[in-house]
Amino acid sequence: MPVLRLLPCAGCLLHTTCDRARLFRSRPGLRSRPPGPGTPGSAAVAVRASGIALGNTAPGPYAGTAMNDFPGAPATPRDGTRLRVLAAMSGGVDSAVAAARAAEAGHDVTGVHLALSANPKSFRTGARGCCTIEDSHDARRAADVIGIPFYVWDLAERFREDVVEDFVAEYAAGRTPNPCLRCNEKIKFAALLDKALALGFDAVCTGHYATVVVKDDGSRELHRASDAAKDQSYVLGVLDERQLAHAMFPLGDTLTTKDEIRAEAERRGLAVASKPDSHDICFIADGDTQGFLAKHLGTAEGDIVDESGARLGSHEGAYGFTIGQRKGLRIGHPAPDGKPRYVLDISPVDNTVTVGPQEALDVTALTAIRPRWCGTPPAGPGTYTAQLRAHGGETEVRAEPVESPDGSGLHVTFTEPVRGVAPGQAVVLYDGTRVVGSATIATTERARPAEARPA
Amino acid sequence: MAYLDHAATTPMLPEAVRAMTAQLAVTGNASSLHAAGRRARRTVEESRETLAAALGARPSEVVFTAGGTESDNLAVKGLYWARRDADPRRTRILTSPVEHHAVLDAVDWLAEHEGARVEHLPVDSFGRVHPDALREAVERDPGDVALVTVMWANNEIGTVMPVRELAAVAREHGIPMHADAVQAFGQTEVSFAGSGLAALTVSGHKIGGPYGIGALLLGRDHAPVPLLHGGGQERQVRSGTLDVPATAAFAAAGKYAAEHREEFAREVGALRDELVAAVREAVPDAILGGDPDPAGRLPANAHFSFPGCEGDSLLLLLDAQGIECSTGSACTAGVAQPSHVVLATGTGPDLARGTLRFSLGHTSTKADVAALAEAIGPAVDRARTAGLS
């Protein structure tokens, strides 16, 4: 090498070649991809063979070999063809490993990245991201390494209508939506799944942490992931049985930490191994939710009042608050008892935010709308545990489906009062690890009424 | 595998591979004065002469570049700057709405950053610019036109433009005209001398040569402002050490393309006609894009719109059957947009989303067409079920 460095011009080419060769040597994963230990189907490294056709009935190269079906995923066809799987690839590490595991299990996997922004930014600004050109590129690179075809599907219009506009409208109505849940319900397991099925795929594969269990009668149940810390069943609770029947979650039954998923990605030569996790709302690129809402809803000054209706301060838009919020109230003076004040109620009609002491947040019951049941809806009241927000804990409840002129609903009574229940969030009911159903919180019943202010 | 995307790139000809590999291990910078340099220079100049002969140009009119995109940018930006510098009134660019992005975006950039006023000449339903339309646009004020740039043949729908007639209009008023002939070279007769053009773009990898090399044929009266400054190679217009193996291979491919053009056009044209008939039989409501008259379109091009289908869906379904083609439209972040070419021909936006381009080349066979004939009907049926999302 030092000799080559002395050569002008023609040497440049050799320099580059040498550097590249060294790069490959130091990163064996790019060339050979030994399947990681402990991964399902590590004996069958799937390499997409040319001529394996979507809808082709000719036996695939793994026909006759035992394929590893992921729990609850559609069963491998018995006629020797392979399961046709569409892997949604965000450009992150989880969905890349999920797609790799699905391919390794012997399925006929095609990767697809969903373009959800009409005007994608070129690069991420921070840790978040599934909506930039760079994310799309990362997903494509992962698909190349796995050896599967890859496409980008433009679902920006559907996403804008079903997720972004809903997000804004919910805040405008004084509620706190969960856009990830909405995206699963309306985009990944509706728009994407429908298109996939129409094009001849059998299943949609994602990097979610949740488990699907098939009962003896063939019906399906959604359960929490084996690793409770990573469980994402809360944002999948909106899926009905038909959607579950076409879902594949290769990470759901894995008892590995995120570090181990990263290590697996590294072993597989997936460059996304070291990519940061996304935490925030993907369509708010700079993470400034308030700024995003202000841009869409404008500013409207209103009052911050206490439970008696006395004016304590002002705000620039009631949508900027969430029930249970303590920070950012910007009330100049402390409460008489010196204790912190929390957002108790948001009233978009008169643009008023009511604050009060923590104990006033105690909720004894709630009603929820638009229930979706995983399987048969319960006939009457039952005892369950409930989760009220993403990454939230469980609490014991009695829940009962109710019918009203407005449609189906759910009434939930808490065994012990709970705090910080925000309308717009989902209440997901569990029976043990099993997801029973999900509904959107509409109203709450307080241990002491918050609306004490004059009408 | 049925490779029906030769307009994207076509396999290297054995002649080109031989010419390239013969040079790869040979040392020599064509600008050096010693024996190794002289040897490299000789190879480059012989390549230049060969390519000039293949394109009806003088050797001194061949400026090697890194490809079609660079040639287009050099012609459009360089001629604009030079013409505007000579007379600040000249800021109007006359072009077509069906240009390749290498021209389209270069022109748009000039409008955004260099004060250019862009006028898109009208096209007919085949995407063709008519000389009368150019004359009308020029004669509105011949003194403010910086340049005319209209492609020789369209890369998506294959329509061949009346380049000589267009260039004649520009010449009457002393306005330089550039044409992107990347797709035309090798398929239709391209003679620089006979064209009346000031500048003409060709590319290596579209004619069986290597990637990363192209040329701008540049009349000797024209001195575009360079994009790349440096050692002053290529008439001071395009600095940078010459890629000797690539020039040799490009010349070999160019020679082959010119010598075999008529025979190639006849054979590939017959195969294309077979493909068009097969698609029409399988999908009777498929709409052929571009000029249906073989005299007015590239012999290797077939382009269809499939009502009710998403081009992306068709691409996925055909790819899964081992058939490789293109939607023909440009991609931003991999997201397919309706093609600007198809929209410019007056096609509605929904129909414009369901287009596929099949392009043939020197390795195409009847078996490729047969594979498509078998797959296209079911693929269209399925894509229609998926609909327009």
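Helices (H or I, at least four residues) and strands (E, at least two) are DSSP runs, numbered from the N terminus. By that rule, chain A has ten helices and 17 strands.

This is a predicted model: local features need pLDDT of at least 70, side-chain atom pairs count only at pLDDT 80 or more, and totals for chains, interfaces and linings use all residues. Residues are numbered from 1 along each chain as its sequence is written, while chains are lettered from A and ligands numbered from 1 in the order in which they are written.

**Burial and contacts**

A residue is buried if 20 or more other C-beta atoms, placed from the backbone, lie within 10 Å of its own. Of the 455 residues of chain A, 43% are buried. A:Gly106 is buried because 25 other C-beta atoms lie within 10 Å. A:Gly106 sits in the loop between helix 3 (93–104) and strand 2 (108–115) of chain A. In sequence, A:Gly106 and A:Asp69 are 37 residues apart; in space, C-alpha to C-alpha, they are 8.9 Å apart.

Two residues are in contact if their C-beta atoms, placed from the backbone, lie within 7 Å. Take the contacts in chain A with a separation of 6 or more: 66% of them join residues 24 or more positions apart.

**The core**

A nonpolar core is a set of buried Ala, Val, Leu, Ile, Met, Phe, Trp, Tyr and Cys residues joined through C-beta atoms within 7 Å. The largest one has 228 residues, and A:Ala99, A:Val204, A:Cys205 and A:Val427 touch the most other members. Helix 8 (residues 244–259) of chain B gives the most to this core, with eleven residues. Beyond its neighbours within four places in sequence, A:Ala99 is in contact with residues including A:Ala87, A:Val109 and A:Cys205.

Two packed helices are described by the angle between their axes and the distance between the axes. Axes are lines fitted to C-alpha atoms, for helices over the stretch in contact, and angles run from 0 to 180 degrees between N-to-C directions.

| Pair in chain A | Angle | Axis distance |
|---|---|---|
| Helix 5 (residues 156–172) and helix 6 (residues 179–198) | about 160 degrees | 10 Å |
| Helix 5 and helix 10 (residues 289–297) | about 85 degrees | 11 Å |

Helix 5 of chain A is therefore roughly antiparallel (over 145 degrees) to helix 6 of chain A. Helix 5 of chain A and helix 10 of chain A are roughly perpendicular (65 to 115 degrees). In this second pair, A:Val168, A:Tyr171 and A:Ala172 of helix 5 meet A:Leu293, A:His296 and A:Leu297 of helix 10.

Conventions
Angles under 35 degrees count as roughly parallel, over 145 as roughly antiparallel, 65 to 115 as roughly perpendicular and the rest as oblique. A residue is buried if 20 or more other C-beta atoms lie within 10 Å of its own, exposed if 12 or fewer, and partly exposed in between; C-beta atoms are placed from the backbone.
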